[in-house]
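Student: I am new to this structure and would like to work through it step by step. Could we begin once it is in view?

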Amino acid sequence: MAGDGLETIRRFWAIQDEGDYSKLASLFAEDALLDDPIYGQHRGGAAIAAFMEKMNTEMAKLGVRFEAEEIAGDTETAWCRWKAVYPDGRERFGVGIYKVRGGKLTYYRDYMNAEPG
């Protein structure tokens, strides 16, 4: 059954596709936890907003773009199978796991394959 969780993650990816990660901060609850396997944990709205600003800089330096390949979910949980595409054509695949309450992300964690060679 579709619901807030699924719709929130669809919005998340639509915003991310625009390329300005800082706009994603508004989708997180004030007590949210974002657990990134590369950049660590970020708890709370201010920390997540600062991390999203950092992502703007880091992804621009790397020239990486992310593409959602499949999104599914219900009212409180969602997941997205995605790929990161590098400027040289390499691809890295992963999955994002999300918890949502009242249309706001309360938890986000990415899992990904090893760095492409």
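Student: How many helices and strands does the secondary structure of the protein chain come to?

Tutor: This is a predicted model, in which local features need pLDDT of at least 70, side-chain atom pairs count only at pLDDT 80 or more, and totals for chains, interfaces and linings use all residues. Residues are numbered from 1 along each chain as its sequence is written, and side-chain values use heavy atoms, leaving out hydrogens and water. Helices (H or I, at least four residues) and strands (E, at least two) are DSSP runs, numbered from the N terminus. Along the sequence they follow the pattern α-β-β-α-β-β-β-β, and the count comes to two helices and six strands.

Student: What radius of gyration does the protein chain have?

Tutor: The C-alpha atoms fill a box of roughly 40 × 30 × 25 Å along the principal axes. The radius of gyration is taken over C-alpha atoms, and the globule rule is 2.2 Å times the number of residues to the power 0.38. For 117 residues a compact globule would have a value near 13 Å, and the protein chain agrees with this, at 13 Å.

Student: Does I97 count as buried, partly exposed or exposed, and why?

Tutor: I97 lies in strand β5, residues 91-101. Buried means under 20% relative accessible area, exposed over 50%, and partly exposed in between (1.4 Å probe, protein chains only). Because its relative accessibility is 33%, I97 counts as partly exposed.

Student: What percentage of the 117 residues of the protein chain count as buried?

Tutor: The cut-off is again under 20% relative accessible area. By that cut-off, the share of the 117 residues that count as buried is 44%.
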